[in-house]
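Thanks for coming, everyone. I'll keep this short. Please look at the screen.

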Amino acid sequence: MSDVFVAGVGMTRVGRRSEPLRDLMAEAAHTALAEAGVETPDSIVVATMNPEEFVGDGNFASHVASHLGFAEVPAVRVETATSSGAAAVYAAFAQVAAGLARTVLVVGGEKMTHLATPRVSEIIGRSIDPYERRYGATMPSLAGLVTRALLTGHGVGPREMAQVAVKNHANGARNPYAHFRQAVTLEEVLDSRMVADPLRLLHCCPISDGAAAVVLVADRRAVRVAGIGQGADTLALRHRRELTSFRATRAAARAAFAMAGFGPERVDVAEIHDAFAPFELISLEDTGLLPPGKAGRATLDGDTALEGRLPVNPSGGLKARGHPLAATGVAQIVECVWQLTGRAASRQLGACRVALAHSIGGLATNNWVTLLEAA
Amino acid sequence: MPAVIETIAASRCPRCNLVAAPPTAYCPNHPVAMTPTEVQGIGEVVSFTTLHSPPEGFRSPLHLAIVELEGGARFFCHGAGTRGLKIGAAVAIEAVDDVYYFSHLGAIDRARLFWRRAGHAGDRVNAITRSLAKRVWKGRTRAPR
Ligand SMILES: [Zn+2]
């Protein structure tokens with residue numbers, strides 16, 4: 001297996017965007033290709049969760065390739081619900097590592113804000129087990145069930161959960177690409193409207209438009225993909241014995257660290273899938289970055305803040321950078337590369353050599369962990 | 001004596017003993033055919049939530065729970081309410097027009113349940129849960145699809 005490097009990254013500002021999805025994806029792709037110094041990649045991997053329903057277009061790999069002027073370049077679309085972007089990075093990694101291609105463009109994007117919120121929730125909710133959906137289950141309600149269980153005996157209370165949102169909003173305020181650029185207080189989070197008891201509005205990520213891209217290559221560049229792994233779990237939440245830890249993340253982390261040949265202690269910065277604030281706490285423990293039961297305390301103590309010993313979601317995370325579904329897994333890689341190459345502007349961390357990106361698909365049915373190392 | 005507790009169709013994995021309710025053809029964790037079985041409509045709350053912006057066709061607030069039934073299946077259902085409910089609480093499950101509801105069993109219900117299990121009559125448990133479920137049912141705007 002050959003080494004795989006990141007040659008270029010790019011992303012759009014995330015938020016409410018008026019441009020068509022393909023234009024957002026083109027903007028991100030062109031930035032990444034220009035930075036990589038690649039005019040035409042050998043191959044393209046496109047990530048969109050549901051363009052058929054959100055924007056009414058299908059055959060989306062060809063749709064994007066033709067729009068970019070790459071009608072002749074082989075393109076595929078990859079979909080694993082909300083982790084589609086990370087899955088696309090994995091597919092591109094595999095092509096380069098296997099020697100099938102020397103330069104691969106990965107571009108992920110989603111556009112949803114033009115639709116009414118109940119419609120967006122319904123479309124995203126189709127990633128849930130049909131029987132549970134028949135009972136009215138939505139992503140927030142399943143996350144509410146997970147969160148309720150987390151609040152008993154896992155070192156997590158309302159303040160620990162709320163602090164995740166406070167921290168990530170503070171980071172987003174420093175990120176010009178973020179959907180939300182204003183800070184929130186602990187009290188504002190604790191007083192926000194109840195969505196799926198005990199989950200409140202300010203625990204939940206927004207509905208966002210945006211796109212992100214990376215170019216993976218075989219030639220040596222500044223950042224290497226040191227490890228990447230996938231983990232999976234049952235579609236139905238009720239078929240799991242454990243609600244407060246995600247098997248899919250644990251398996252993905254095991255695979256990624258095994259490939260990298262080092263452990264979680266080497267990680268300097270992490271981008272974690274905080275679609276719901278408590279998921280950041282669960283995922284910090286599932287990835288092995290923090291010991292079981294310690295993520296809540298560490299968050300309250302500021303350990304995961306920008307100036308802490310393990311900065312988590314310097315981009316603002318899904319909570320503040322925003323969550324344009326299939327763009328998210330790629331945008332996490334973009335932020336990691338910016339941090340590793342000293343280009344994160346006012347949110348730049350001190351010396352960092354290893355970054356971890358973690359993405360959750362559906363209610364943790366298809367998760368990914370990617371490790372990036374300054375080469 | 002009439003059955004006092006709902007019997008729910010389920011299936012069991014011969015390899016890992018996972019019990020699925022409603023029954024599935026294959027174990028979600030093993031490529032083996034499941035064996036048909038039944039579980040009893042009583043159990044303990046694993047987790048619960050109240051959804052304040054439920055999807056179209058459901059009335060707000062919508063109470064949802066995962067209940068671990070006697071016999072091992074974890075079951076997804078609606079509820080009459082979650083006030084005072086705690087993880088681990090004993091609940092009964094009742095079907096109303098093919099939609100399952102849980103209702104909290106109070107101390108007296110649990111005592112009757114104990115006696116029933118010990119072989120004595122106690123079918124009021126069922127009457128209580130049925131009346132609770134009926135009340136929820138009346139409040140519903142429309143059945144889920
Ligand atoms: Zn099994």
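**Where chain B meets chain A**

Start with one pair. A:R241 and B:E68 form a salt bridge, with the closest N and O atoms 3.0 Å apart. By salt bridge I mean a side-chain nitrogen of Lys or Arg within 4 Å of a carboxyl oxygen of Asp or Glu. The rule finds 1 salt bridge across the interface of chain B and chain A.

A word on the source. This is a predicted model, where local features need pLDDT of at least 70 and side-chain atom pairs count only at pLDDT 80 or more, while totals for chains, interfaces and linings use all residues. Residues are numbered from 1 along each chain as its sequence is written, chains are lettered from A and ligands numbered from 1 in the order in which they are written, and side-chain values use heavy atoms, with hydrogens and water left out.

Now the wider interface. How many residues of chain B are in contact with chain A? The count is 34 residues of chain B, against 28 residues of chain A. Contact means heavy atoms within 4.5 Å. The area buried between the two chains is about 2500 Å², and carbon and sulfur atoms give 60% of that. Buried area is the accessible area (1.4 Å probe) that two parts lose on being put together, summed over both. B:T49, B:R74 and B:F76 supply 26% of what chain B buries against chain A, more than any other three residues.

Last, one residue in chain A. A:T12 counts as buried, because its relative accessibility is 0%. Buried means under 20% relative accessible area, exposed over 50%, partly exposed in between (1.4 Å probe, protein chains only). Leaving aside neighbours within four places in sequence, A:T12 has contacts including A:R17, A:Y177 and A:G210.
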